[in-house]
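Student: I would like to learn how to read a structure strand by strand. Can we work through one together?

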Amino acid sequence: MTESYSVHIANLATDLTVAADTTVLKAAQAAGHPYPYGCQVGRCGACKSRLLAGEVELLPHTPFALTAADRERGFVLACRAQPRSDCSIAWLGSDTAGHPLREVSGRVVSLQRPTPDVSLLQITLEGEPLAFSAGQFAELSFAGCPPRNYSMANEPGEPLLEFHIRHVEGGATSSHVAARLREGDGVLLRGPMGDAHLRARRTGLIVAVAGGTGLAPILSILHRAARLQLQQPIRLYNAARSAESLYRENAIAELASRLTDFVYQPVLGDGLGAHLEALDGLQNATAYVAGSPGLVDFAVAAMTSRGLDPAHAYADAFFTASDQADADLSGVSVPASS
Ligand code: FES
């Protein structure tokens with residue numbers, strides 16, 4: 001029988017019973033606690049936490065999400081941490097978005113296909129508009145489909161939520177959206193979630209990198225930046241396979257007319273590295289990156305190698321269900337540092 005341990009979540013002053021083969025994040029979610037998270041597979045750092053007491057085993061993760069120095073200082077990733085003793089843990093809450101997690105019914109009011117493999121949905125919710133920070137995401141459940149996470153593309157506070165859903169070959173939910181979803185269909189939303197949201201108080205260059213439907217959270221961030229009249233330079237790199245894969249160019253043009261110092265660079269094929277290597281002023285920059293795990297890893301590595309502080313790189317990697325199932329499950333033991 002699998003051993004279980006008591007894990008104290010200091011932010012909530014509550015105790016969880018967590019099995020040794022379960023991560024702290026999964027147990028917190030199962031108990032309905034609003035533990036911050038993003039990718040859930042050790043790539044983004046959104047669930048970075050301090051291990052206050054006890055010992056956990058850390059499943060594999062990227063150095064971007066948690067460096068060796070972080071581990072030595074007693075930080076862990078809740079989505080990768082399985083308890084090996086009774087523990088006490090606290091998430092790093094200084095810059096979390098802090099919106100209440102809601103589960104609410106809604107309805108599809110508009111459905112467009114701007115490219116053959118992208119669906120653009122607008123959804124209305126029952127009751128109050130969803131409070132969220134630009135760049136966050138929500139879990140959407142359509143009838144008969146497994147829930148999936150998608151980012152809001154609109155500015156917070158608007159009555160309709162916009163989502164961009166790419167058709168993934170063999171993906172149950174995205175195939176349903178591409179082939180069978182109709183305007184008027186119901187949807188259940190759970191959110192908001194995610195830590196890769198706009199840090200409006202940061203000054204200095206903003207670099208936004210989108211790949212495919214990673215454009216959705218980036219658009220939300222830029223809409224918000226325009227609303228707040230942020231004055232710093234903003235550079236948007238929008239990576240796509242071909243010119244035909246670019247979409248929502250009208251929204252980007254509208255943003256360009258509202259932002260003070262904005263340059264938009266569509267990037268076709270594999271030219272992203274050359275553009276990022278030409279960037280100056282990354283020492284004080286804030287980067288927002290959204291797209292496939294490969295694009296996120298590549299863009300963040302390219303910018304940190306040119307001086308970007310990884311603490312100011314906010315990444316939203318779009319994982320398919322098979323990406324998550326493929327996550328390797330061997331790891332290292334981390335005791336709490338004293
Ligand atoms: S690293 Fe844990 S949620 Fe992304």
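Predicted model: local features only at pLDDT ≥ 70, side-chain atom pairs only at ≥ 80, totals over all residues.

Student: In what sense do β1 and β2 pair, and over how many bridges?

Tutor: Look at the run of the two strands and at who faces whom. β1 and β2 are antiparallel, with six bridges, and Ser 4 is opposite Ala 19 in β2. The hairpin they form has four residues between the strands, and Ala 13 in that hairpin has a positive phi near 50°.

Student: How does β1 run against strand β7?

Tutor: β1 and β7 (residues 87–91) are parallel and joined by three bridges. His 8 faces Ser 88 in β7.

Student: Which side chains of β1 are buried?

Tutor: In a strand, check the side chains one by one for the face they point to. In β1 (residues 4–9), Tyr 5, Val 7 and Ile 9 share one face and are buried.

Student: Is Pro 83 buried or exposed?

Tutor: Accessibility is compared with a cut-off, and buried means under 20% relative accessible area. Pro 83 counts as buried because its relative accessibility is 0%. Pro 83 belongs to strand β6 (residues 81–83). Beyond its neighbours within four places in sequence, its contacts include Tyr 5 and Val 7, as well as Ala 19. The C-alpha atoms of Pro 83 and Gly 54 are 8.1 Å apart, although 29 residues separate the two along the chain.

Student: Which residues other than glycine have a positive phi?

Tutor: Two cases in loops are worth a look. Gln 40 has phi near 70° and sits in the loop between α1 (24–30) and β3. Gln 229 has phi near 55° and sits in the loop between α4 (215–227) and β15 (234–240). Gln 40 is partly exposed because its relative accessibility is 23%, whereas Gln 229 is exposed at 57%.

Student: What joins the side chains of His 312 and Arg 202?

Tutor: A polar contact of 3.2 Å. His 312 is in the loop between α7 (293–304) and β18 (313–317). Leaving out residues up to four places away in sequence, His 312 also touches Ala 285, Thr 286 and Ala 287.

Student: Where does UniProt place the FAD-binding FR-type domain?

Tutor: An annotation is read as a range, then compared with the model. The unreviewed UniProt entry puts this domain at residues 101–199. Over that range the chain is 8% helix and 45% strand, with its end C-alpha atoms 20 Å apart.

Student: Which peptide bond is cis?

Tutor: The one from Gly 191 to Pro 192, with omega near 5°. Pro 192 is part of strand β13 (residues 186–193).

Note on methods. Residues numbered from 1 in each chain as written. Heavy atoms only, no water. UniProt positions renumbered as here; feature names shortened; annotations may be inferred. Buried < 20%, exposed > 50% of the residue type's maximum accessible area, 1.4 Å probe, protein only. Contact = heavy atoms within 4.5 Å. Polar contact = N/O pair within 3.5 Å; in protein donor to acceptor, adjacent residues only side chain to side chain. Pairing = 2+ DSSP bridges.
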